[in-house]
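Let's look at how two chains meet, and then at one residue. Have the structure open alongside.

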Amino acid sequence: MALDSAEPEPKRMKTSNKIEEKLDEYLKNMKSATWNLTPIVEEDLYKPIPVVQASVGIIRDPKDISKTILTLNDKVPMKELQHLKRAQKKEIVICPLSYLNGAKIEEYLENNVKELKEVFEEFKVCDVPSRPPQVRKQFEESNKVWPCNFHPNKYNEKLVSGSFYNEQELKTHRQYMEMVFEVTKFYMKGLTATNIDSDKILRNLNTCVVVDPSIQSVVAVCFDNRLKHPVQHSAMLAIDNVAKTQNGGSWVADREKHETIDSTLRGIDEELCCHLKEKFPQVKFGAKKFKSKRDMSEEELQGNDIGPYLCTGYYIYLLNEPCVMCSMGLVHARAKRVFFCFNNSEFGALKSKVKLQTITALNHHFEAFTGFL
Amino acid sequence: MEEFMHRALQLGGEALQAQEVPVGCVFVVDNKIIAESRNRVNETRNPTRHAEINCIDLVIEYCKSKNLRHDYFQNITVYVTVEPCIMCAAALNNVGVKEVIYGCANDRFGGKTVCDVSKIYSNNYSLSGNLLADEAMALLKLFYKGTNPLAPDPKCKKILKE
Ligand SMILES: [Zn+2]
Ligand SMILES: [Zn+2]
């Protein structure tokens, strides 16, 4: 917009604010949120099911229906369309249209199922659902196209219900996400930027809080260090901090001091921990005491389960959708659930660019949730 | 080229002896190895301590000590015995190495085979594989015949019986 030179310049003061104020604004909005969190699932679970064309024959004599179905199941099994009921009244799916390879259905029957040549009085091409319905809503829609088999799955229904978490659970998750914002504020204290800049700055870093839900306790907290070390994104630091609570870890600045700290608290910087305890007096901090075959004698281990193991069972809370590196790191670490606030449209690997949690070839799959704001 | 992969394989062998997944890696600048490492996941109890990440760490320290900027990574050719996993492929993109040459493909976690990371990043390094692939694969097979001593994963035992 071109400003008339006679107009006074817009006040600069207005556009300049502290990143803390920006974060406070988000915090306020998050606290007043009334909606549920959104599970990030594969599209197949909620998108309408596409159709494919199939060759359908209309039976001359209804008495032949069951025999015809048996013969077809035997001679023309439809691997990709097993979710279809083969018959709908007198109409019977013979095969996907693609099986015909351009030939006429009469020729196809002649060549493949001679015995059924005469049972149909007419043929037509019908749309049928191309994939099995995974949730009831898809089932109902699919049935309008062609009758389908359906195996209801409670968990899938919960994922698409829009009410995955109950009120108490939502309160807990929002509280840990508030902690993510509080940690970000702690490290960005005093930083001034314009509104546009502050969003940009906040998208180019990340903050990570790791929680062990089995003991409702914060295990590790990390702020980003990617400007100084391109691999030290907060999730990668957090994975290492979890390792520190398990007698491991590789990014240790001061080994000697490190050894003096109670191992259950090695995942959280001391000064930060004090600050967070003040801000969140109701929250517990520290990992479960680590027990390992490697470090303990048989007697010490007696009656004790070994573990924790990596991030197994842990919940990960992040300011931004983790990048490809961090997301795969969290797969390697076997995290149970990952929560994030803002999308990472450039490199996000749980929602924006790819959904690693839905790649079946991988050996571990966590659940991902967003929708805090 | 082969001599660098031979060194990476040696490091992979060291990993195997230490009961780690046997993957080794060297970073090369001007025909000289400037960083080398192997998998240290069990040792550090950090599942992200793959050979490539360890090498990146070494280079960052080197840059710090020599007052070099991180664009030093642009000179680096990476030799790694197994195709970098999705995490390492992304990390190598983040730091911006010039080239990655690997031994055998990685069907379980590969940053090309399982999920093509190069589609997400714009400034890609060149990637090629199949250099001394049989040797790299032989190391992996030796490992998966045994068990991972730290994972309480019953699947490992299954593999033993097969
Ligand atoms: Zn990241
Ligand atoms: Zn890797």
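## The interface

Across the interface of chain B and chain A there are 7 residue pairs in polar contact, both residues at pLDDT 80 or more; a polar contact is a pair of N or O atoms within 3.5 Å, where within protein one must be able to donate a hydrogen and the other to accept it, and residues adjacent in sequence count only if both atoms are side-chain atoms. On the chain B side that touches chain A, helix 4 brings the largest share, 6 residues. By class, that side has 19 nonpolar, 8 polar and 7 charged residues.

In total, 34 residues from chain B and 37 from chain A take part in the contact (heavy atoms within 4.5 Å). About 2,900 Å² is buried between the two chains, with carbon and sulfur atoms giving 67%; this is accessible area (1.4 Å probe) lost on being put together, summed over both parts.

## A look at A:Q232

A:Q232 sits in the loop between strand 9 (217-223) and helix 9 (234-244) of chain A. Is A:Q232 buried or exposed? Buried, because its relative accessibility is 9% and the cut-off is under 20% (1.4 Å probe, protein chains only).

Beyond four places in sequence, the contacts of A:Q232 include A:R226, A:L237 and A:W251.

## Ground rules

This is a predicted model: local features need pLDDT of at least 70, side-chain atom pairs count only at pLDDT 80 or more, and totals for chains, interfaces and linings use all residues. Residues are numbered from 1 along each chain as its sequence is written, chains are lettered from A in the order in which they are written, and side-chain values use heavy atoms, leaving out hydrogens and water.

Definitions and conventions. Helices (H or I, at least four residues) and strands (E, at least two) are DSSP runs, numbered from the N terminus. Buried means under 20% relative accessible area, exposed over 50%, partly exposed in between (1.4 Å probe, protein chains only). Ala, Val, Leu, Ile, Met, Phe, Trp, Tyr, Cys and Pro count as nonpolar, Asp, Glu, Lys and Arg as charged, and the others, Gly among them, as polar.
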